[in-house]
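Here is my note on the model, point by point. Please keep the structure open while reading.

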Amino acid sequence: MNGMYVIREIFKSYIAGFILMIPIITSGQATTSNEAGNNLVSQYKHQEMVYLHHNKSLLFAGEQLYYKVYALKSESKTLSSFSKMAYVELIGEERDVIFRHKIRLNNGVGQGEFFIPVTVPSGNYKLVGYTQWMKNFGLNHFYKSDIGLINPFQSNQQAIVQKAEDSIPPSIKVIEQTGLKETVDSNPFFSFELSKKEFTTRERGHLTVRSLQKGIPRGSYSVSIRKIDSLGGPPLFSAQSYVKKHHSQSEGNASLESPSYLPELRGELISGTITPKDLDFVLEEEEVALSIPGKQFVLKLTRTNWAGEFYFNLNQEYLNSKANVQILGKNWNKYQLQINEQPSLDYGALQFNKLHISPEMTDLILKRSVHNQVENAFIELKQDTVMPIAQTLPIYRNFSIKYDLDDYTRFSTVRETASEVLEHVWVLKRKDGEEVLKVRQEEEGVASNLLPLVLMDGLLIQKHSDIIDYDAKKLKRINISREKCVINSIIYNGIIAMETIEGNFQEEFSRDYINRVDLFSPLPMQKYFNQKYHQATKPNTDQIPDFREQLLWQPQVVLDSDTSQLEFYTSDVLGAYEVSFEGFTAQGNPVSWKETFVVN
């Protein structure tokens, strides 16, 4: 299919959503002009850029890589609200993908993390960041930084072992590779001050951030406090240095004449195709539904275009990567349905840093490896936590009637429950013998042949007979709406939403017309562990070793007054540490600050 046609369709529905000023539930057929779509393409001819603030450039197996994503407009360097998703990958020298993350962006920022497993070999890697829209401009526009990885649990270290004739003392390697020689420009927005330059173990410290302007400079900021790698490592880009590096980079907008990748304007974009099983069957516009189970379930409906392609925009959070996709209507068995996978990118042009280790580093590697193993042994006491997802109303509405079935006499089936408990709901037998559920409309005397939208734990039930005789003793609640429900021009006569006690209906329910798919879903938001030591908890904390080399990782720094303080506690690991504060003001000014201190 012509790529420009698709992008025009998506852009046109984007414009239509603003004109109508109503919630857009899914992408659909457009009705606005081609000229309006082309104007929107022209408006976004600038390329986005991505900056990643990550905590380390040299990692060991058993350590966490933390990062924050800043998606920016490449011209102004202001945070971009254009793309709602970003992608972060770790690529090996053999161009193998160690991980690929999808990150939900909120006003241009997001965050993620990756635990380095013992299955990843030692070697030189590349951390890459981009949005789907940036893929139209090529690899040169992606964020790329070098990562060195040491896995002492594997015997093969040939990728990083240094030849004897090239060996240099570790002390020299530290100076050359830590990145501490990089200077950052002073900024007119903030001043920074560490409470001390020398600390003892398990001591409280704080970083004071003061505004140098009237009012607090709005923007987004992150901070990392980590031990300086004695083994060296590739330099870490500051926000200032990365912006300078890309200041003169070409926009490269030739591909916009026919973009290959759609921008994720309203959320996560999931696409697929239906193709006729019989080549003589004429492909028609069909309705397609996507259900993601869970307490906060997701339901999306859309229509295919003339080529059988369909698109879902997921603009709400979810935690389940299992989904159900089904073609609605009588033609469901006439088609093959396929969800498009995220294609692999061509990383053949990547150039890798060369990290090397030498025999002189054996003791340093052993010591750090032991620290990591001890920390991981106590991980249950120091875990990051998944933040709860935002609460949303089912199908963007409240239900007018709710039945908690424990408050009523329990009946054996949904059929009996509808007859004896549910007001305005009944089972109707059609002329063709099929049984369906019906909902009486709120307007008296209004009859309709339309069926209600029937859901079971968020799964759309298109054949009501599949659940009419379902065991009602497994049900917890039934919610009813008697209003017409319109989803992407698909009309239903009310809603019947059932919830099971266990919430696992989709796991036990299987039909030929339902396709089970695994989604490449965004990482959930995490609240990162921040060690604290207080007198009241001293008897407990004294019993737990503390070999943290990452003292603080805070991807969302909140500056809510002219003077703000960020608290951290040192660990039992002695040595030099670095504070790295990065971010961008609302006007697109990069802010970078680095300072070191010592734990004796």
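1. Start at leucine 127. Beyond its neighbours within four places in sequence, this residue is in contact with Leu52, His54, Leu65, Val88, Glu89, Leu90, Phe99, Tyr143, Lys144, Ser145 and Ile147. Contact means heavy atoms within 4.5 Å.

2. On provenance: this is a predicted model, where local features need pLDDT of at least 70, side-chain atom pairs count only at pLDDT 80 or more, and totals for chains, interfaces and linings use all residues. Residues are numbered from 1 along each chain as its sequence is written, and side-chain values use heavy atoms, with hydrogens and water left out.

3. Which residues of the largest nonpolar core touch the most other members? They are Val69, Val88, Leu127, Tyr130, Phe142 and Tyr347, in a core of 43 residues. Elements that each supply at least two residues include strand E1 (48-54), strand E3 (64-73), strand E7 (123-130) and helix H4 (239-245). A second, separate core has 26 residues, among them Leu405, Val454, Leu475 and Phe509. A nonpolar core is a set of buried Ala, Val, Leu, Ile, Met, Phe, Trp, Tyr and Cys residues joined through side-chain atoms within 4.5 Å. Buried means under 20% relative accessible area, exposed over 50%, partly exposed in between (1.4 Å probe, protein chains only). Helices (H or I, at least four residues) and strands (E, at least two) are DSSP runs, numbered from the N terminus.

4. Strands E4 (residues 85-92) and E5 (residues 97-104) run antiparallel, joined by seven bridges. Alanine 86 has isoleucine 103 as its bridge partner in E5. The two strands form a hairpin with four residues between them. In that turn, arginine 95 has a positive phi of about 65°.

5. Two strands pair if DSSP finds at least two bridges between them. E14 (residues 287-292) and E17 (residues 322-327) share four bridges. Alanine 289 has glutamine 326 as its bridge partner in E17.

6. Is aspartate 457 buried or exposed? Aspartate 457 is buried, because its relative accessible area is 10%. This residue sits in the loop between strand E23 (453-456) and strand E24 (459-460). Its side chain reaches the backbone nitrogen of phenylalanine 505 at 3.1 Å. A polar atom of that side chain lies 3.4 Å from the backbone nitrogen of asparagine 504.

Key: Polar contact = N/O pair within 3.5 Å; in protein donor to acceptor, adjacent residues only side chain to side chain.
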